[in-house]
Amino acid sequence: MSAVRLTYEQLKAYEGRSTSAAAVGKDPVNEPMIRHWCEAVGDTNPAYQGPDAIAPPTMLQAWTMGGLSGHTDRSGAYDELSGLLDSAGYTSIVATDCEQEYLRPLRPGDRITFDAVIESVSERKTTKLGTGYFITTRMDIHADGERAGTHRFRVLKYAPAVRTREAAARTHEATARTPEETAERPQAYRQPQVPQRPSASQRPSAPQQPQAPLRPQAPDQPRARRPRPVINRDNAGFWEGVRGHRLLIQRCTGCRTLRFPWLPGCNACGSAEWETVEASGAGTVFSYVVMHHPPFPAFTASEHGTAAPRPQANAPRPHAGAPGSAPDAPAPDGPTPYAVGLIELAEGVRIVSNVIGVPYDKVRIGMPVRLEFLRVDEELELPVFRAAEGGEG
């Protein structure tokens with residue numbers, strides 16, 4: 001179904017309509033939920049413990065959630081608006097952002113009530129995903145009748161952008177390989193030559209013609225690049241260390257607690273003063289997942305001539321026969337499936353990164369790994385972890 005233009009007045013009429021009125025939180029603010037939350041996110045702030053404890057402000061929405069049984073007091077306004085957009089061709093949806101405002105601390109025993117409205121519907125917008133409308137809902141949260149905070153949630157309801165044949169051809173050309181690159185590609189990942197289907201006018205005995213080879217990529221055609229990491233004043237030092245092939249961990253100068261990922265303040269004592277410690281590079285696989293998804297050029301190093309990972313400056317280089325050095329070893333960041341590990345460093349903190357050097361189905365919890373740095377393009381390097389010599393730990 002192709003999208004059609006709606007009158008803005010049709011959508012604007014939904015602003016201010018209630019999506020839930022005078023709903024009641026299923027549980028009062030309570031210590032067990034606060035404890036579980038803090039344990040899950042690793043927050044040891046003393047303000048959330050003891051007889052005068054308050055709830056972490058970011059739990060604001062948690063007290064309004066309906067659990068598996070949900071809430072039964074929702075109105076049909078949001079579903080009605082969504083159905084109207086669906087009928088006009090805006091059938092896809094993606095969450096874009098949320099924001100919270102904290103007006104007073106929540107304490108164990110507080111009874112939570114809340115109501116929600118459709119706060120705004122944007123004018124028609126065009127994005128890379130497609131054309132559609134941003135819908136913002138606002139939930140006002142009260143504790144024992146006193147306003148405690150506001151939670152806003154925004155989605156984009158859109159019609160997916162239609163790819164034309166010309167756009168598809170440009171994308172195909174941008175990701176095509178030169179004949180030399182194709183020759184170097186492992187046979188298991190080589191693009192097959194697909195025969196064309198004979199036309200109705202062809203005789204049954206006529207041989208099928210092979211598909212024309214991929215066009216070489218123009219020298220000035222940019223390759224697909226990975227998304228850039230978000231670098232801000234709180235983590236710039238970490239990425240500066242990575243550029244120098246150093247994995248830096250923050251250490252609080254007050255209580256000497258190590259922390260990773262980087263934060264503006266210590267979550268143990270609250271101090272804003274810190275220094276850095278360079279990781280030795282040794283670690284073990286604490287946990288891992290195996291990623292399965294269709295190949296995406298920016299994440300397929302074997303299709304882009306990406307340089308092999310470089311060991312940490314003070315780490316021994318793998319010799320011939322070491323894990324991952326065999327010719328048939330998977331590309332360090334090659335086609336899926338691949339393993340993503342939660343690596344526990346020798347210093348005691350943990351980092352999420354790729355596990356390389358062994359097939360994805362050979363990664364095991366407890367496996368020793370060693371830090372290396374992988375250059376994914378001319379600007380970006382990332383820390384990765386190669387299975388240490390000896391394989392499974």
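Author: Happy to! This is a predicted model, where local features need pLDDT of at least 70, side-chain atom pairs count only at pLDDT 80 or more, and totals for chains, interfaces and linings use all residues. Residues are numbered from 1 along each chain as its sequence is written, and side-chain values use heavy atoms, leaving out hydrogens and water.

Reader: Which strands do the buried residues of α6 pack against?

Author: Helices (H or I, at least four residues) and strands (E, at least two) are DSSP runs numbered from the N terminus. Buried means under 20% relative accessible area, exposed over 50% and partly exposed in between, with a 1.4 Å probe and protein chains only. Contact means heavy atoms within 4.5 Å. The buried residues of α6 pack against β7 (248-252), β14 (368-375) and β15 (381-387).

Reader: Why do the buried residues count as being on the same side of α6?

Author: In α6 (residues 236-243), the buried residues are Phe238, Trp239, Gly241 and Val242. They sit on the same side of α6 because their arc around the axis is only 155°, taken from the directions from the helix axis to the C-beta atoms.

Reader: Which residues are exposed on the other side of α6?

Author: Let's turn to the other side of the helix. The exposed residues of α6 there are Glu240 and Arg243.

Reader: And how many bridges pair β3 with β5?

Author: Two strands pair if DSSP finds at least two bridges between them. Strands β3 and β5 (residues 130-143) run antiparallel, and their bridges number 9.
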